[in-house]
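This report considers a predicted model.

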Amino acid sequence: MDYKAYFVEENEGSFSGSIQNIPKPSLDEGKVIIKVNYSSLNYKDALAATGVRGIAKFYPFVPGIDLAGEILESSSSEFDVGDKVLATGYKIGMSEFGGFGEIVHLPSEWVLKMPTNLTFEKAMSYGTAGITAAACVKKIVDARIEKNLPILVSGSTGGVGSVAVGVLSLLGYEVHAITSKVDEEKFLLKMGASKVLLKDDFMKEPTKPLDKGLYGGAVDVVGGDMLAKIISMTSNHGVVSCCGNVGGAMFSSSVFPFILRGVQLSGIDSAESSLSLKKELWNLLANDWSINLQSQTRIINIDAIDDEITKILNGDQIGRVVIKHGE
């Protein structure tokens, strides 16, 4: 039995993907075989699809770091054939063929049963971006950040940023969304932002070692100079959740926000989080933190993935792209 997948190959240092039929794997001990109904496009998937080193461990390869579907075969007592499941992170789409294929063969300890209130489509409208956003927001909520000051969200039109805006707004925070996309104010206001800040305006003044503490906390998906600026403007005992580096892997800050205001910088790595934390995050998104993502989600077939990969790498992607497998 073969299955359809977006297969990325390397030829003399050049990488290209195409839709191919791949033989279904045999079930290994400790693993499950899942029929993938939906997946989603994430920035890491685009990097793997274009051969960026350090993402996929080998080529040829099938990207896709998240998926939702049904158990076809199981060697684990935790799962039965027909169980509805989802999986994100770990080495999916890196060292194991991922969700850009109709079938995946994964260690059972990477897989969760689908929360009752989630459909395959809704789960992947969140995807890895959604639980990353939820992990960022959880740091702010767990620190009991009060709601008398706004929360900043950078990269707010992307997958992580837009979900973070929506969840924070749902929880009653005033959200200030930072974006470089001048035409997306309406989109961000609809997601729940109270105010939209253009990146160039926000970054116009030089970053100070300690600026006015205007914000109770932040979700930063940009990194680099943006992160340094956000830290300097975070008020006493605020929390900055950091989960991205599209603006640079390095940043320069003073110790003053940390020792004079008690600011916490919390790194977020949802990919390698414990399964118990992922289960908690998915349950939050399925219930108390559930937001309507229909207006910011586009559903495509895997045949259309090349154009979407180009968009996300060029910074032109808005919201979430969900991949529907099968007819």
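## The second largest pocket

In this predicted model, the second largest pocket has a volume of about 220 Å³. Its lining is made up of E78, F79, S108, E109, V111, L112, K113, P115, L275, K279, W282 and N283. Sorted by class, six of these lining residues are nonpolar, two are polar and four are charged.

Two elements, strand 7 (111-113) and helix 8 (275-286), each contribute at least two residues to the lining of this pocket. Helix 8 provides the largest share, with four residues.

## The largest pocket

The largest pocket holds about 1,300 Å³ of space. It is lined by 50 residues, and the closest to its centre are Y43, V160, V221, G244 and V246. The lining of the largest pocket comprises 23 nonpolar, 21 polar and six charged residues.

Several elements each supply at least two residues of the lining of the largest pocket. The helices among them are helix 1 (43-49), helix 2 (120-142), helix 3 (159-170), helix 6 and helix 9 (305-313). Strand 9 (175-179) and strand 15 (320-324) also belong to this group.

## Strand 12 and its partners

Strand 12 (residues 234-242) is mostly covered, with seven of its nine residues buried. Strand 12 pairs with strand 11 (residues 215-220) in the parallel sense, over five bridges. It also runs parallel to strand 13 (residues 264-267), to which four bridges join it.

Residue S241 of strand 12 illustrates both pairings: V219 stands opposite S241, and the bridge partner of S241 in strand 13 is S266. Which elements make a β-α-β unit with strand 12? Strand 11 and helix 6 (residues 224-232) do so, and the unit that they make with strand 12 is right-handed.

## Residue S26

S26 is found in the loop between strand 2 (14-23) and strand 3 (31-40). Is S26 buried or exposed? S26 counts as exposed because its relative accessibility is 58%, and the cut-off for exposed is over 50%.

Apart from neighbours within four places in sequence, S26 is in contact with I33 and H105. A further comparison concerns S26 and E73, which are 47 residues apart in sequence. In space, the C-alpha atoms of S26 and E73 are 9.4 Å apart.

Conventions. Residues are numbered from 1 along each chain as its sequence is written. This is a predicted model: local features need pLDDT of at least 70, side-chain atom pairs count only at pLDDT 80 or more; totals for chains, interfaces and linings use all residues. Side-chain values use heavy atoms; hydrogens and water are left out. Buried means under 20% relative accessible area, exposed over 50%, partly exposed in between (1.4 Å probe, protein chains only). Two strands pair if DSSP finds at least two bridges between them. A crossover is right-handed if, with the strands pointing away from the viewer, the path from the first strand over the helix to the second runs clockwise. Contact means heavy atoms within 4.5 Å. On a 1 Å grid over the protein atoms alone, a cavity is a set of points where a 1.4 Å probe fits but cannot get out, and a pocket is an open set with protein on both sides within 12 Å along at least five of seven lines; lining residues have an atom within 4 Å of a point. Grid points are joined across faces, edges and corners, and a volume is the space filled by probe spheres set on the points. Ala, Val, Leu, Ile, Met, Phe, Trp, Tyr, Cys and Pro count as nonpolar, Asp, Glu, Lys and Arg as charged, and the others, Gly among them, as polar.
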